Every structure is written in structure tokens, then in C-alpha cells.
Amino acid sequence: MAGNGQLVFAPLGGVGEIGMNLSIYGLGDERRRQWLIVDVGVSFAAEEHLPGIDLMFPDIRYLLAERKNIAGIVLTHAHEDHFGALFDLWPQLKVPVYTTPFTAALIEAKRLSEPGAPEVEVKVVPLGGRFNVGNFDVELVSMAHSIPEANALFIRTPHGNVLHTGDWKLDPTPVVGLPTDEAKLRRLGEEGVLAVVGDSTNAVRDGRSPSEADVSRTLAQLIAEAPARVAVAAFASNVARVRSVAEAAIAAGREVVVVGRAMERIVQIARETGYLDGLPDFRGPDVYGYLPPDKVVALCTGSQGEPRAALSRIAQDDHPDITLAHGDWVIFSSRTIPGNEKAVSSVVNGLIDQGVRVITDRTHLVHVSGHPRIAEVEEMLSWVKPQILVPVHGEALHLNEHAAIGRRLEIKTIVKCRNGDLVRLAPGAPHLVDELPTGRVYKDGALLIPAESRTIADRRRLSFVGMVTVALAVTEKGVLAADPEVELIGIPEKGRDGLPLTDVALDAVLDTYESIPKARRRDPDSLAESVRRGVRSALAQQWGKKPVCFVHVLTV
Ligand SMILES: [Zn+2]
Ligand SMILES: [Zn+2]
């Protein structure tokens, strides 16, 4: 064991931002540390800022350089912001991945559905299990959350023990899975906790989150009252919600029809792992049309307005099996993730235009967060009594409020760190010892590209102003060998004076050519640059904007 070294911690993603959680712990001395990676998460890009980009990952440059010293990866749970970058980043790391059965089953199902996905080396560990990853002695603590099998990690080291909470809440009645293991947390508190690295998501909210069981009751009531068809949209990974909808349906004498691939997949995995035990089989969308309206509940994907998901297609009356009509109800058993508001409201409006009643968490308790509010954070910290609190998993505001809770509880040291900050937790007072390279990587088609590359900036510029290409063939003496060719892409057809802009551009090419001295016509670079300027300024006069312009000069 690394007896005389240090215990260090650094977030490489997820601190100061929402999503793409990836943290590392290091044991050993400065020159040679062994690393444990906790979570490999993804973020979803907002289309309008990053044209063509759907996914973002943390930049793991540092880990690639340290690859030989990485003992393994532990995944706390199967939410995308914790495991969604695994298939894209693992092939560069190729270290064993430790996780519990449900998360492992999801990885396998995802692998089978994604052609070319890597065969990640997964080591399945039991709930509450204790195992070694290199020099790290890791014990899992079951936590309640909005997906089965969320785990905190208790990491025992010669320098002290760290509780890495992952995502959690205190919910005594989580509907599926285990409640947060209070007894174990209290025991670990007795054993001694150096540091808590904890979830800040809801540290801005007073009191306690309602229980998943409260949502279950509301859903049961609504589904019992509904006069005709009911569709419920939920996050597919929320198996407790799936179970609640199914139980409500059975109680109301209705059948559950599962709609959407992500939902089918999660239902299958939840069946295999026992989380839907005791419930009858669900039906496929093909039987929907044959069931009387008051005998069916459709459980759908698409709660975030995803254009290809089931609910969007239903809202556009474009789904092959599922239709809704006047008097039917749709329940959004979900929260709209910031950035998805427009997409969700377009689905809601589509449904309302069909005469459907839309129910959301604005008026009914049909959704709860999976993250702890202030009273829950306080209670958990009072069980484990850490000397150090490191707020993670949140933006500046959330981290700040989480830190404030720690100060109120008189926790000795609050560590404020951001992505890339390498913090020595022990021995000695916690201290920033290094800044590791960090950043974002975009998934562009099949490629990973650094966020600071020009690609996306260029693409954004093109999306605002369009492009002109000009092809000129000139002889060695600089004489035009053919008529120039001009192509306009993403540019209006006619200018201020009603002239076709293609003609304006073509005239500008010829005028520029005529206007420059004969000697310079022979220099292709100089000719190209003059034409480029001429075309841009002529178009700017007619349009009020300058496009991107490429001029190719061919010497024939
Ligand atoms: Zn989560
Ligand atoms: Zn999370």
C-alpha cells in the first residue's frame, strides 16, 4: 500500500457545470500515483450553440498520459451524466469497470444496440459489496435515487476514508430498490470519515424531496380518474416510475402498453434484474388500437420533446400505432431539463391541438427529483460527520449553497474546487496541489474533436452567413480561360435592389478581375484574395451581411 504518499482528488468534469461527471482519486507520492476513476459521464449539447454536435465528454488528456497508473473505473449508477461517455472514452483507457448488476445489464444492452460498441471489461460487484481496485479499498453504500442501484463509494485509504456520494436522496419509500442505507452511513461515521465528496444538485432547495411513493399515489389517482386513454411520459431509466404506472394501471383495470425503444429496453432489463417482479407482462404498441380507451395506459419515451421519440410522434399524429384524441390525457411524469423547454412545449402544444389534456408537475405531484434538498444533505452529513466537504455535481450556485450547508454544520474544511483542480485531501490540511488539463471533447459523427478546435466555430459562422464559392480558370499569362463559376449556399436569392445575388457575385468577380493590374492576375493567390474581397463587399452592399467566400483559381 502507498503508506507514505498522499490521497488526492480531482474532478475532470461535472463541477461548475451540469453533466459529464468524472472524478479521479490518486494514492501515492507525487511522482507515482495510482488512480481510481469514478464515473464517466456525458453531457447533451444544445443544438443552437453547437451545430451538428449532440454529445460532449470531459477531456481525459491527463488520464491518457497516466494510463499505466489507472487501477480501474467504478460507475456509481447508470444515468447518462455518470456512465454515458463509457463507450467513447473506454477504448482509450481499457481498464476494468466495476459496477452493480443493473448498471452492468444496461451497459450490455446498450452495447448490443450500438454497432461497433466496445466490449468493455465489466466486473459486476454486489450491492453493498466491498472490493479492491488496485490499492483502493472500495465499499458500496446503497443510496435512493431516480434509477435503481445508485451507489455511494466508501473509499478506505491509509490517509483516511472518503465518502463519494454519487447521486442520492433520502427516500424511505423509493418504490423499487433499496432506500439510502442509513445504518451503514452511521457506522461509517463511527469508523471515521475524512471527506465527503457530495451531490450539490438540490442544495439550493429548502426542506426535503417528496418520496417516490407520493408520486406513485398521484399517478394512481389520476389514472383511476381518467375518462379515456392515458399516456404517461417518463425518463426510461426511472424504473420506480415504470412500476408505479404499471401498478396504477392494474388498479384501474388497464393494460400497460410500452412505447419507444428506450422504454422497451429498460423494461426488459428491469424484468431481468427483478425490479418488476410481481407485475404481469406489458403489451406492445401493436395491441393499442384494439384496447378500449379506458382499458389502456401507454408508457412512452419522449418526455424531453426528443423529435424522434414516441410522444413527439404522437403529438404530430405521426405514430404508426398510437393515436390520441379529444378527452385523452397525457401525464408528463418528468421534469424538463434546461435546454429542452422549446422542444417540450412544441409537443405539449401539439397534444393540446388534438384536444388532449396535458398534466405536468406544475399542477400535480407527478414527478420528484432524485437529489437531496437541504434538510436531507444536513441529515446525511450529521450521520457521517466528515472533516472535509467537497461539493461537486452542480453549477457554481449549487456548489456554493452546498458549501454553505457545510459551514452551518461547522465542518472543519470546505474545499471549493473546479474541474482540473487536484486537491490533496491528506495528509495535512487540504490543499490545491496542481491544475490538470481539462476541457470538453465533442462527438462529431464518429469522431471526437477538442472543443477548442475551429470546426464548430466555422460551422456556426457558416450557419449565420452562408457561403459563396468562386472558381476561376486562368492561363499562365493571367487571362480568363473560361467564364467564372459562382455558387451561393445559404444566401438569399435577391438583394436590396431586386437583383439576383448570384449575378451580383458574378459581376463582382469580373469587375475585380478587370480592375486589377495584369501582373497581379498572374499570381493565383493575389487574384483569389482580390476576388474574395470584391465578392464579399458587393454582396454586403446588396444584402447587409458578408458571407464566407472561397475562391479557387485554376491555372490552365
Ligand atoms: Zn443520477
Ligand atoms: Zn448525476
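Q: Let's start with F9 and Y25: buried or exposed?
A: Both F9 and Y25 are buried. Buried means under 20% relative accessible area, exposed means over 50%, and partly exposed is in between, using a 1.4 Å probe and protein chains only.

Q: Before we go on, what kind of model is this, and how is it numbered?
A: This is a predicted model, where local features need pLDDT of at least 70, side-chain atom pairs count only at pLDDT 80 or more, and totals for chains, interfaces and linings use all residues. Residues are numbered from 1 along each chain as its sequence is written, chains are lettered from A and ligands numbered from 1 in the order written, and side-chain values use heavy atoms, with hydrogens and water left out.

Q: Back to F9 and Y25. How are their rings arranged?
A: A search of the whole structure finds 4 aromatic pairs. In one of them, the ring centres of F9 and Y25 are 5.1 Å apart and the planes meet at 45 degrees, so the pair is tilted. Rings of Phe, Tyr and Trp (its six-membered ring) pair if their centres lie within 6.5 Å; planes under 30 degrees apart count as stacked, over 60 as edge-to-face and the rest as tilted.

Q: Where do the two sit in the chain?
A: F9 is in strand 1 (residues 6-13) and Y25 in strand 2 (residues 22-29), 16 residues apart. Helices (H or I, at least four residues) and strands (E, at least two) are DSSP runs, numbered from the N terminus.

Q: What about Y98 and F131?
A: That aromatic pair is stacked, at 5.4 Å centre to centre with 10 degrees between the planes. Y98 lies in strand 7 (residues 97-99) and F131 in strand 9 (residues 130-133), so the pair ties together parts 33 residues apart in sequence. Both Y98 and F131 are buried.

Q: Switching to metals. What holds the zinc ion (ligand 1)?
A: Its protein donors are H77 (NE2), H79 (ND1), H145 (NE2) and D167 (OD), lying 2.1 to 2.3 Å from it. Donors are N, O and S atoms within 2.8 Å of the metal (3.2 Å for Na, K and Ca); water is not among the atoms, so sites may look incomplete.

Q: And the zinc ion (ligand 2)?
A: D81 (OD), H82 (NE2), D167 (OD) and H393 (NE2) coordinate that ion, at 2.1 to 2.2 Å. In sequence its donor residues are spaced D-H-x84-D-x225-H. H82 in helix 2 (residues 80-83) and H393, in the loop between strand 19 (388-392) and helix 12 (396-408), are 311 residues apart.

Q: Why is the arrangement around the zinc ion (ligand 2) irregular?
A: The 4 donor atoms around the zinc ion (ligand 2) subtend angles of 87 to 158 degrees, which makes the arrangement irregular. Four donors count as tetrahedral if all angles lie between 85 and 135 degrees; four count as square planar and six as octahedral if opposite donors are over 155 degrees apart and all others between 65 and 115; anything else is irregular. The zinc ion (ligand 1) is irregular as well, with angles of 91 to 162 degrees.

Q: Last one: how many helices and strands overall?
A: The protein chain has 16 helices and 27 strands. Of its 556 residues, 56% count as buried.
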